[in-house]
Amino acid sequence: IFFLQIPSAYCNESRENLFKDALILSSSGDFIEAQDKWDQYLEIFPEDAAALSNRGNVKLVNGDPIGSIDDQDLAIKLDPNELDPYINRGIAKESLGLWQDAKKDYVYVISKDNKNFSALYNLGNVEGSLSNWEEARNLFNKAAIYNPGSAMARSSMALANYQLGNFDQSEKELRNLIRKYP
C-alpha cells in the first residue's frame, strides 16, 4: 500500500495541513482516525486523486476492500497516469481473491514501468496464488533485482523454489536471509 504525498501545487495552507494530518495518521497506523480525516478532506476537495487513493488504502486496512476499490477507481479516473492507485487497487482485489483482476492492474503498471518492484512482487503473489510457481519465482527474482534489499522478494522466491521442488535452492536462499536478518 502506497501513501501518496501532497503535490507541491497546493498552496492553501489549511488544505495542506489537513492532507498532512490525514497522511500522518495513515502512516502511523491510526487507521480509524485517518479515515475520518480523509473523509473530512475529501468533503472539501473531492477531486484530489492522491487523497482518494490514500483513503482507499485506509479503507482496505479497515476491512472495506470494496470501498477501497471504489476510491482507487475514482483516483485512476482523475489521474490515470499515476501508477500507485493501480497497485493499490490490485492489492484490494487480491484481498477478495480476484486474482485475474488484480493481475491486470499489475501487468498494466509493469507495461508502464517494467522495473516497478511493487507490481512485480504483487504479480508474483498472484501467480503463486494461482499455483503458477515458475512464473511467480521469475517475478520474485525480478523484484529482488530491482530492490536488492527486499527480504520479502527473496523469501517469496525461496517459497516458490520450494513449491517447484528446488529444495536446495530454497534452503540456500532462506539460510542467506537468516544470516542477513537474524
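## Helices α3 and α4

In this predicted model, α3 passes α4 in a left-handed crossing, meaning that the near helix is turned anticlockwise from the far one by less than a right angle. The axes of α3 and α4 come within 8 Å and cross at roughly 165 degrees; axes are lines fitted to C-alpha atoms over the stretch in contact, with angles from 0 to 180 degrees between N-to-C directions. The two helices are therefore roughly antiparallel (over 145 degrees). Helices are DSSP runs (H or I, at least four residues) numbered from the N terminus.

In contact (heavy atoms within 4.5 Å) are residues including A49, L52 and G56 of α3 and P65, D71 and L78 of α4.

## Helices α2 and α3

Helix α2 (residues 31–44) and helix α3 (residues 49–61) have axes that come within 9 Å and cross at roughly 150 degrees. This crossing is left-handed, and α2 and α3 are likewise roughly antiparallel to each other. Among the residues making the contact are F31, W38 and L42 of α2, with L52, R55 and V58 of α3.

## Nonpolar cores

A nonpolar core is a set of buried Ala, Val, Leu, Ile, Met, Phe, Trp, Tyr and Cys residues joined through side-chain atoms within 4.5 Å, where buried means under 20% relative accessible area (1.4 Å probe, protein chains only). The largest has 27 residues; I87, Y106, V109, Y121, F140, A143 and A153 touch the most other members. Apart from this core lies another, of 16 residues, including L25 and A75.

## Basis of the values

Residues are numbered from 1 along each chain as its sequence is written, and side-chain values use heavy atoms, without hydrogens and water. Because the model is predicted, local features need pLDDT of at least 70 and side-chain atom pairs count only at pLDDT 80 or more, whereas totals for chains, interfaces and linings use all residues.

Methods:
Buried means under 20% relative accessible area, exposed over 50%, partly exposed in between (1.4 Å probe, protein chains only). Angles under 35 degrees count as roughly parallel, over 145 as roughly antiparallel, 65 to 115 as roughly perpendicular and the rest as oblique.
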